[in-house]
Structure formats: structure tokens, C-alpha cells
Amino acid sequence: MPTNPQDTTVLHALFGGTFDPIHYGHLRPVEALAAEVGLNRVTLLPNHVPPHRPQPEANAQQRLKMVELAIAGNPLFAVDDRELHRTTPSYTIETLEAIRKERGAALPLAFIIGQDSLLTLHKWHRWQSLLETCHLLVLARPGYNDRMDTPELQQWLEQHQVTDAALLSLQPQGYIYLADTPQLEISATEIRQRRHLGLDCDDLLPRSVQRYIELQGLYR
Ligand code: ATP
């Protein structure tokens with residue numbers, strides 16, 4: 001693993017989520033994306049959910065623990081828990097600006113989102129500034145097409161989209177890449193619902209995370 005932050009030949013990505021719980025719909029497409037575009041590291045960023053928003057069923061510490069269990073022993077992944085320590089709303093753009101500052105201006109950096117998140121990106125705080133800090137890598141997600149919600153978002157996508165993944169390592173930020181990743185029909189909502197109904201979730205998330213959910217009595 002290169003450690004020199006000025007080494008511009010490597011591509012590091014961040015992947016934010018509530019992870020309530022983390023599941024194979026997060027992990028598998030990101031692993032495929034890493035192979036597709038040459039990511040050497042993906043740092044998972046569990047979200048702080050502000051009090052005025054619907055709260056996750058698992059608390060912050062439990063969501064973090066599930067992420068740690070899911071990535072244990074997998075050198076592709078790391079976790080950054082900075083958003084969980086915040087007491088104020090944490091906007092993705094602010095976290096990305098902080099990380100960009102730490103990493104320096106030259107290192108290529110990317111932020112991963114699912115196709116569903118891309119479709120509503122214009123509702124994010126200062127969404128157009130995202131590309132001033134990083135590239136955007138978009139995972140395919142079943143059930144979501146590629147028609148943007150608004151012409152403004154569609155136009156922004158057309159302006160910044162690239163189809164050649166090699167470009168992503170040549171510039172620190174500014175491109176949008178729609179990846180051809182495997183489509184897994186898995187959501188955290190479905191897992192919570194299955195648990196509420198007493199159904200098994202065997203193929204949906206790692207066994208270590210399932211065991212933790214059992215032990216903690218989550219999603220009952
Ligand atoms: P919930 O069902 O509770 O809304 P979720 O399964 O969508 O949760 P999140 O933690 O909210 O999971 O998602 C984090 C990121 O992962 C988002 O950008 C989302 O689009 C993406 N994502 C989640 N599940 C998938 C999937 N099956 N395929 C591709 N991307 C996904």
C-alpha cells in the first residue's frame with residue numbers, strides 16, 4: 001500500500017452510508033468497482049444522523065462495530081468514524097473538504113454513491129461543490145434508471161461524466177464515472193424488515209455481522 005500522499009498514481013475512495021446494517025449490496029459492488037477502476041483503498045464513512053431525521057435502529061457505536069466486522073481482514077477497506085463523533089449535522093461536502101485538506105491537493109480522491117443517491121443528489125447540501133473535492137463513482141443499483149430528477153442534475157452529469165476509468169487517476173477530482181458493477185437487490189431496509197418478521201438474512205450480509213446483530217438483539 002503506497003503511503004506517500006503525493007503519489008498521484010493511486011486512487012483512494014470514500015464511501016458514506018448509514019450502514020444500518022452494512023450488507024453485501026454495499027460490499028460486493030464496491031469490490032467490483034475497485035477492480036474496474038483500480039481503487040487501492042476504500043474508506044467507509046458511517047454517517048451521523050441528525051436528531052431531526054428518522055433515526056437508524058442501531059446506534060452509532062453498533063453501526064460502526066458492524067462495519068468493522070464486515071471489513072475485518074479485507075485489505076481493500078478501512079473505516080473512518082469522524083462523522084459519528086459529531087454532535088452537529090455533518091454534511092458530506094464538509095467531510096470531503098476536511099479529508100481533501102488532510103490529503104493535500106494532488107492525490108486523486110473519489111466518493112462512491114449508489115445510483116439511487118445520484119438521482120437525488122441535487123438535494124444534498126452544496127452538491128455541485130462535491131466535484132471540487134473528489135471524483136464521483138456511481139454504483140449501479142437495481143430498480144433505478146439513469147434519468148436524473150431535474151434537468152440541472154442531468155446537465156451537470158453530462159458535463160462531468162467520463163467513460164474511461166484511466167482518467168480518474170490522472171486528475172485529483174472533477175469527474176463522474178458510472179460503473180458497470182453487479183446489481184444486487186439488497187437494502188438495509190429489507191434486512192431490517194426480514195429481521196422484524198423473523199426471517200433469515202443469510203445471503204444478504206456477512207456472517208460476523210449477522211452474529212453481532214443476534215447478540216445485540218438488533219432489528220427485532
Ligand atoms: P436503507 O435501505 O436503510 O435506505 P441502504 O441499503 O440504501 O439503506 P445506505 O447505508 O443508506 O444503505 O447506503 C449507503 C450507500 O450505498 C448509498 O449511496 C446507496 O445508494 C448505496 N447502496 C446501498 N445499497 C446498495 C446496493 N444494493 N447497490 C448499490 N448501491 C447501494
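**Ligand site and chain architecture**

The largest pocket is the space that the ligand takes up; a pocket here is an open set of points, on a 1 Å grid over the protein atoms alone, where a 1.4 Å probe fits, with protein on both sides within 12 Å along at least five of seven lines. A molecule is assigned to a pocket if more than half of its atoms lie within 2 Å of the grid points of that pocket. The structure is a predicted model, in which local features need pLDDT of at least 70 and side-chain atom pairs count only at pLDDT 80 or more, whereas totals for chains, interfaces and linings use all residues. Residues are numbered from 1 along each chain as its sequence is written, and side-chain values use heavy atoms, with hydrogens and water left out.

The shell around the ligand holds 21 residues, of which His23, Asp116, Ile186, Ala188 and Thr189 come nearest (a residue is near a molecule if one of its heavy atoms lies within 4 Å of it). By class, the shell comprises 8 nonpolar, 10 polar and 3 charged residues; Ala, Val, Leu, Ile, Met, Phe, Trp, Tyr, Cys and Pro count as nonpolar, Asp, Glu, Lys and Arg as charged, and the others, Gly among them, as polar.

Polar contacts are pairs of N or O atoms within 3.5 Å. A polar side-chain atom of Thr189 lies 2.4 Å from a ligand oxygen atom, and a side-chain N or O atom of Asp116 is 2.5 Å from an oxygen atom of the ligand. For Thr18, a backbone N or O atom is 3.0 Å from a ligand oxygen atom. Of the 600 Å² of accessible area that the ligand has on its own, the protein covers 86% (Shrake-Rupley method, 1.4 Å probe). Two or more residues of the shell come from each of strand E1 (11-17), helix H1 (24-37), strand E4 (109-114), helix H4 (115-119) and helix H6 (188-196).

The protein chain contains 7 helices and 6 strands, assigned as DSSP runs (H or I, at least four residues; E, at least two) and numbered from the N terminus. Their order from the N terminus is β-α-β-α-β-α-β-α-β-α-β-α-α. The chain is as compact as a globular protein of its length, because its radius of gyration is 17 Å, close to the 17 Å that the globule rule gives for 220 residues (C-alpha atoms; 2.2 Å times the number of residues to the power 0.38). Along the principal axes, the C-alpha atoms fill a box of roughly 50 × 40 × 35 Å.

Two backbone features fall in loops. The peptide bond from Asp20 to Pro21 is cis, with omega near 5°, and Pro21 is placed in the loop between E1 and H1. Arg126, a residue other than glycine, has a positive phi near 50° and is located in the loop between H4 and strand E5 (135-139).

Definitions and conventions: Polar contact = N/O pair within 3.5 Å; in protein donor to acceptor, adjacent residues only side chain to side chain. 1 Å grid on protein atoms, 1.4 Å probe; cavity = no way out; pocket = protein on both sides within 12 Å on 5 of 7 lines; lining within 4 Å.
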